[in-house]
Amino acid sequence: MATKIYVPCDTTALSMGADDVASRIEHHAGVQGVAIELVRNGSRGLFWLEPMVEVETASGRIGYGPVEPDDVQGLVEAGLFDGASDHPLFLGPVADIPYLKRQQRLTFSRIGITDPLSIADYRAHGGFDGLETAISREPQGIVDEVKASGLRGRGGAAFPTGIKWQTVHDEPWQQQKYIVCNADEGDSGTFADRLAMECDPYMLIEGMTIAGLAVGATQGFIYLRSEYPVAHRILNEAIRRAEAEGYLGQDVRGSGRAFDLEVRLAAGAYICGEETSLLESLEGKRGLVRAKPPLPAIKGLFGQPTVVNNVLSFAAAPFILAQGGQAYADYGMGKSRGTLPIQLAGNIRQGGLIELAFGVSLREILEDFGGGTFSGRPMKAVQVGGPLMAYMPESQWNTPMDYEAFGQLGAGIGHGGVVVFDDTVDMGEQARFAMEFCTVESCGKCTPCRIGSVRGMKVIDRIRAGENREANLVLLEELCETMVDGSLCAMGGMTPFPVQSVMTHFPDDLTA
Ligand SMILES: Cc1cc2nc3c(=O)[nH]c(=O)nc-3n(C[C@H](O)[C@H](O)[C@H](O)COP(=O)(O)O)c2cc1C
Ligand code: SF4
């Protein structure tokens, strides 16, 4: 029987030479006369070990990593195909790697395990069970299950997903409704959407189809970050195969209900991740933010009722329908139910995907999983939730990952990206960068954001140059307040948060 070897095919592993590793493994297997079956799985999300090669043995899957192309010959000679342990890259049984073993993977339960494009593999690991349940329910029953799960949108605003679906469900069913997936993933240090799409694409297809059945939408669009060519290819192929097997199309698995799905490439602007700007872009227009109300749930794409959710929000739906909303709600703390796919990045030794129930402390993530900084220097600041969120000093790292607990500190969880900085970072420069980022990414529709960010940059420059410092610090505070209170959307409204956090927690860096 052929030995099964797994080499990941996602962007991270590819950028580390996974294709070359795969072809060398095939070559050396041929030389040794060993029959192998090479599976291109997804990444497990342990990025410092990529490319991680796995071998199926009688005692489970054995891992090696990080494997560089030049390591392959030595690995094969050391007994790679038998899962031999006598090699420095030997990691042991993959399921026992503490970073992985300590996680609570509900959404990412299949990544790295399955062949992303195999429907048979997806089904063998619980895939489409949620869709089968949804088909057997009335639409209101689907919405109720999502409500019971306590799921809140994972794109950043943490709005209850069930309530959003209810609003679209309650709009008249005679009209065209849409399901739009926000896969623009623009926040710094984030990659969970990409991993979900590249490593388990049917999960997103299933989640969006469940949403379609719940609200009476027959058409879905995935608005995909244009810098994700691998996800683009995998999603298109997965959609084609799902259509061929009746999971998409005019009669979804014999339900008599239709749901079609298309991928649209995004415009490459951060603001196009904001849901109304995204809808404009999807309609072929410039990504200008729309005033709300009306909400997209009432008047969204082409003026029709539209569910807009993040990839991870849709990706949670199959588990919720298959296992029940309560099974999801059993994880978490307070009003933050379920699990959060945390993306650990920046200056960190062990970066990657960590899915855990809400409630874990930031310090556990940084130390127990991250293992300290990559540089080996002390950590100074952590930015959780993207470029519009606060910088958190060490005194706040015992805070549990919980929307309300972070909110009380003036911080946020956003999409779950955690970016680490060591003690060489200049926080004054980071404050300036927040304003600069806004000048580049602002859609320009409202004055506090368009003009305020430019003024903010200049005021920070004057403070740092020692010009009339006290007066300029007061001016910066007032400017931040004006942007928070007067901006039309969260781009201008939240840009002050990182700036204010630097003024509060790292004032010396601002005036250094
Ligand atoms: C400037 C800006 C950028 C955003 N970028 C994204 C993004 O890349 N992906 C995303 O899912 N949500 C993003 N959002 C949030 C969306 O506007 C919206 O809340 C989200 O798509 C709703 O889905 P959810 O309820 O599943 O989170 C952004 C918001 C703002 C203000
Ligand atoms: S806050 Fe900025 S991004 Fe948002 S509408 Fe105003 S100008 Fe556009």
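**Serine 43 and other polar sites**

A: A polar contact of 2.7 Å links the side chains of serine 43 and glutamate 50 (a polar contact is a pair of N or O atoms within 3.5 Å; within protein, one must be able to donate a hydrogen and the other to accept it, and residues adjacent in sequence count only if both atoms are side-chain atoms). This is a predicted model, in which local features need pLDDT of at least 70 and side-chain atom pairs count only at pLDDT 80 or more, while totals for chains, interfaces and linings use all residues. Residues are numbered from 1 along each chain as its sequence is written, chains are lettered from A and ligands numbered from 1 in the order in which they are written, and side-chain values use heavy atoms, with hydrogens and water left out.

Serine 43 belongs to the loop between β2 (36–39) and β3 (53–57) (strands are DSSP E runs of at least two residues, helices H or I runs of at least four, numbered from the N terminus). Its relative accessibility is 0%, so serine 43 counts as buried (under 20% relative accessible area; exposed is over 50%, partly exposed in between, with a 1.4 Å probe and protein chains only). A polar atom of the serine 43 side chain also lies 2.8 Å from the backbone nitrogen of glycine 45. Beyond four places in sequence, serine 43 is in contact with Pro8, Asp10, Glu50, Ile111, Gly112, Leu195 and Cys199 (contact: heavy atoms within 4.5 Å).

Arginine 152 comes next. Its place is the loop between α7 (139–149) and α8 (161–170). Arginine 152 is buried, at 14% relative accessible area. Its side chain reaches the backbone oxygen of lysine 335 at 2.9 Å. A second polar contact, of 3.2 Å, runs to the side chain of glutamate 404. Leaving aside neighbours within four places, the contacts of arginine 152 include Ala158, Phe159, Ser336 and Tyr403.

Now ligand 1. It is surrounded by 20 residues, the closest being Gly155, Glu275, Asn309, Asn310 and Ser313 (a residue is near if one of its heavy atoms lies within 4 Å). A polar side-chain atom of serine 313 is 2.6 Å from an oxygen atom of ligand 1. For the side chain of asparagine 309, an N or O atom is 2.8 Å from a ligand 1 oxygen. Glutamate 185 uses a backbone N or O atom, 3.2 Å from an oxygen atom of ligand 1.
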